[in-house]
Amino acid sequence: MHFHILTLFPEMVCDGLHTSVIGRAADQGLLSIHAVNIRDYTENKHGKVDDYPYGGGAGMLMQAQPVYDAYKAVADKIDSGTSKVRVIYLSPQGKLFTQQMASELAKEENLIFLCGHYEGIDERVLEEIVTDEVSIGNYVLTGGELAAMVMIDAISRLVPGVLGNQDSGVAESLEGSLLEYPQYSRPEYWHGKQVPAVLMSGHHANIARWRREQSIVRTAKKRPELLEKAQLSEEERALAQRARME
Ligand code: ADE
């Protein structure tokens, strides 16, 4: 998986993503993160990339030319065969980012992220290059960089080998529509609290059953809307119902 990020703040994206799990995956060659400074592509001799909006209004707009040329430089280097590489524009007006969208995007070989700043980007270049407009939540950020980093993190952990353990990213995602069960590690007693006895029993079937019940109860209490899509037995539905009433 190759991530290409068009941004005015390449250090922000690189510094943030070249650490921990994602940084290690990049070092191992499982993925690459390539930030492109839009400013490097401006034809303005003073390095300007923004201007006032026609018709007036607050703030400045990123101009079409440097954004398009930065995009073109990246797109021309990507050999995507016949299919057009997806260009994701981060914006609060976009479709809400979900785990399902992360899985779908994880299948791509290359992804281009376009991060806006100031009051936005000239609409004409967006019309020309953007394939997906995505929001990470119903709030407004100062720019698209943090949103791109959130998306890249969520997509990367679905790339085979990145998590580096036996679990796949999907197994513990929200796609099964159940939340994770609670987990405990040593010591057995801490602050007067004991680890649930079943986990100390060594009885794998009982542990698996307990964990599934805990997942159902938790989901019913914390995120009941996720249960609509979950595949539950009649007995499990009743358990969820009871948990919601508590
Ligand atoms: N840019 C500004 N706010 C955003 C949001 N909520 N999601 C994605 N990009 C953004």
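At 53% relative accessibility, E109 counts as exposed (over 50% relative accessible area; buried is under 20%, partly exposed is in between, all with a 1.4 Å probe and protein chains only). That residue belongs to a predicted model, where local features need pLDDT of at least 70, side-chain atom pairs count only at pLDDT 80 or more, and totals for chains, interfaces and linings use all residues. Residues are numbered from 1 along each chain as its sequence is written, and side-chain values use heavy atoms, with hydrogens and water left out.

**E109 and its surroundings**

- Leaving out residues up to four places away in sequence, E109 touches M1 and H2, where contact means heavy atoms within 4.5 Å.
- Y181 is 72 residues from E109 along the chain, and their C-alpha atoms are separated by 33 Å.

**Strand 1 and its partners**

- Strand 1 (residues 2–7) is largely enclosed by the rest of the structure, because 5 of its 6 residues are buried.
- Strand 1 runs parallel to strand 2 (residues 32–37), and 6 bridges join the two; strands pair if DSSP finds at least two bridges between them.
- Look at F3 for an example: its bridge partner in strand 2 is I33.
- Strand 6 (residues 110–115) also runs parallel to strand 1, with 5 bridges joining them.
- Over in strand 6, F113 is the bridge partner of I5.
- As background, side chains in a regular strand alternate between the two faces of the sheet.

- The chain splits into domain 1 (2–156) and domain 2 (171–245), with bounds that come from an automatic or database domain assignment.
- Taken over C-alpha atoms, the centres of domain 1 and domain 2 are 38 Å apart.
- M245 is part of helix 9 and counts as exposed, because its relative accessibility is 62%.
- Between the C-alpha atoms of M245 and I152 there are 38 Å, with the two residues 93 apart along the chain.

**The largest pocket**

- The largest pocket holds about 550 Å³ of space.
- A pocket here is an open set of points on a 1 Å grid over the protein atoms alone, where a 1.4 Å probe fits, with protein on both sides within 12 Å along at least five of seven lines.
- Grid points are joined across faces, edges and corners, and the volume is the space filled by probe spheres set on the points.
- There are 27 residues in the lining, and Y89, L90, S91, P92 and G120 lie nearest the centre of the pocket; a lining residue has an atom within 4 Å of a point.
- Strand 5 (86–96), helix 5 (123–129) and strand 7 (132–135) each supply at least two lining residues.
- Strand 5 gives the largest share of that lining, with 5 residues.

**Helix 8**

- Helix 8 (residues 204–222) has 19 residues and spans 26 Å from its first C-alpha to its last, close to the 27 Å expected at 1.5 Å a residue; the expected span is 1.5 Å times one less than the number of residues.
- The buried residues of helix 8 are I207, W210, S215, I216, T219 and A220.
- Helix 7 (197–200) and helix 9 (234–245) are among the elements covering those buried residues.

**M149 in helix 6**

- M149 lies in helix 6 and counts as buried, because its relative accessible area is 14%.
- M149 and M12 are 137 residues apart in sequence, yet 9.4 Å apart in space, C-alpha to C-alpha.
- M149 touches M12, V13, G16 and L17, not counting residues up to four places away in sequence.

**Backbone details to check**

- R186 and P187 are joined by a cis peptide bond, with omega about 5 degrees.
- P187 is in the loop between helix 6 (145–156) and strand 8 (189–190).
- S20, in helix 2 (residues 20–27), has phi near 50 degrees, a positive value in a residue other than glycine.
- With a relative accessibility of 53%, S20 counts as exposed.
- H191 also has a positive phi, near 50 degrees, and is not a glycine either.
- H191 lies in the loop between strand 8 and strand 9 (193–194) and is exposed, with a relative accessible area of 64%.

Notes:
Helices (H or I, at least four residues) and strands (E, at least two) are DSSP runs, numbered from the N terminus.
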